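Please open the model in your viewer and keep the sequence beside it, so that each selection can be followed in both. The tour goes from the whole chain to the sheet, then to the helices, and ends at a single side chain.

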Amino acid sequence: MNKTQKHIIIAGVPRAGKTSICSKLVKTLKYQHLAMDAVMVSFEEAFPETHVTHTDRWDFIETSKIFIKFMKRMSKTGNYDKLGYRLAFDLYHITPKDYFENIDKDCCDIYFFGYPNITVEEKFKEIRKFDTEYDWTSKKEDQIVLDHIKDYIEISKWLENECKKYNLPFIDISHNRDKVIEDFVKGI
């Protein structure tokens, strides 16, 4: 695969714009969006013996070790290559280390998104601004969302440092979310 035919993984913390980015890639570059959260929930419910769980905080590190096997197979399947399809994976449950050690970089790029440089209050205001009926945050009380944001900011900082270790791209969407997302999609 050449650069324009690579699959792409849009990874990072919840509410970092991953689904928005994948939606734009579908419209502008004809990627096929594979929302991995839906796959995670399906695995959790249909195959509990796999211990793949849809977690929402630091447990994603352990889930990544299990789930990376699925990601590796999906990114290497011959059917997509033969038909010229490119996948845009949208997921939280992968670590920079697991990507670096398991995924063929010749067929699949990754970009991590997070918000390490924003206050909890600023992120909460932004989330409420962008909430849709489909976002899990729209169905939660303010305090629950605030508690999650605090963790996601810390996880964003951790992801940013891990990306540096493995020389992987980390995109900070702490501020100017729309412009950062627009610039990223234009650069693909």
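Helices (H or I, at least four residues) and strands (E, at least two) are DSSP runs, numbered from the N terminus. This is a predicted model, in which local features need pLDDT of at least 70 and side-chain atom pairs count only at pLDDT 80 or more, while totals for chains, interfaces and linings use all residues. Residues are numbered from 1 along each chain as its sequence is written, and side-chain values use heavy atoms, with hydrogens and water left out.

**The whole chain**

Begin with the protein chain in cartoon view, where there are 8 helices and 5 strands, arranged along the sequence in the pattern β-α-β-α-α-α-β-α-β-α-α-β-α. Of the 188 residues in the protein chain, 45% are buried, where buried means under 20% relative accessible area, exposed over 50%, and partly exposed in between (1.4 Å probe, protein chains only).

**The sheet**

Next, select the strands, which form an open sheet of 5 strands in the order S2-S3-S1-S4-S5, with parallel pairing; two strands pair if DSSP finds at least two bridges between them. Strand S2 (32-35) and strand S5 (170-172) stand at the edges with a single partner strand each, so one side of each has no neighbour in the sheet. From one strand to the next, the twist averages 20°, with angles running from 0 to 180 degrees between N-to-C directions and axes being lines fitted to C-alpha atoms, for helices over the stretch in contact.

Now select helix H7 (residues 142-165), which lies across strand S1 (7-12), S4 and S5 and runs at about 140° to S5. Helix H8 (residues 177-187) also lies across S1, S4 and S5, running at about 145° to S5.

Which residues of H8 are buried? They are Arg-177, Val-180, Ile-181, Phe-184 and Val-185. These residues cover an arc of only 130° around the axis, which puts them on the same side of H8; the arc is that of the directions from the helix axis to the C-beta atoms. What covers them includes S1, helix H1 (18-29), S4, H6 and S5, whereas Lys-179, Lys-186 and Gly-187 are exposed on the other side of H8.

Move on to helix H6 (residues 120-130), where Val-120, Lys-123, Phe-124, Glu-126 and Ile-127 are buried. Their arc around the axis is only 165°, which puts them on the same side of H6. The cover over these buried residues includes H7 and H8, while the face turned away from the buried side of H6 carries the exposed residues Glu-121, Lys-125 and Lys-129.

**A last stop at Lys-105**

Finally, select Lys-105, in the loop between helix H5 (96-102) and strand S4 (108-114). Is Lys-105 buried, exposed or partly exposed? Lys-105 counts as partly exposed, because its relative accessibility is 30%.

Leaving aside residues up to four places away in sequence, Lys-105 touches Lys-6, Tyr-99 and Phe-100, a contact meaning heavy atoms within 4.5 Å. A polar atom of the Lys-105 side chain lies 3.3 Å from the backbone oxygen of Tyr-99. To end, display the C-alpha atoms of Lys-105 and His-7, which are 98 residues apart along the chain and separated by 9.6 Å.

Key. A polar contact is a pair of N or O atoms within 3.5 Å; within protein, one must be able to donate a hydrogen and the other to accept it, and residues adjacent in sequence count only if both atoms are side-chain atoms.
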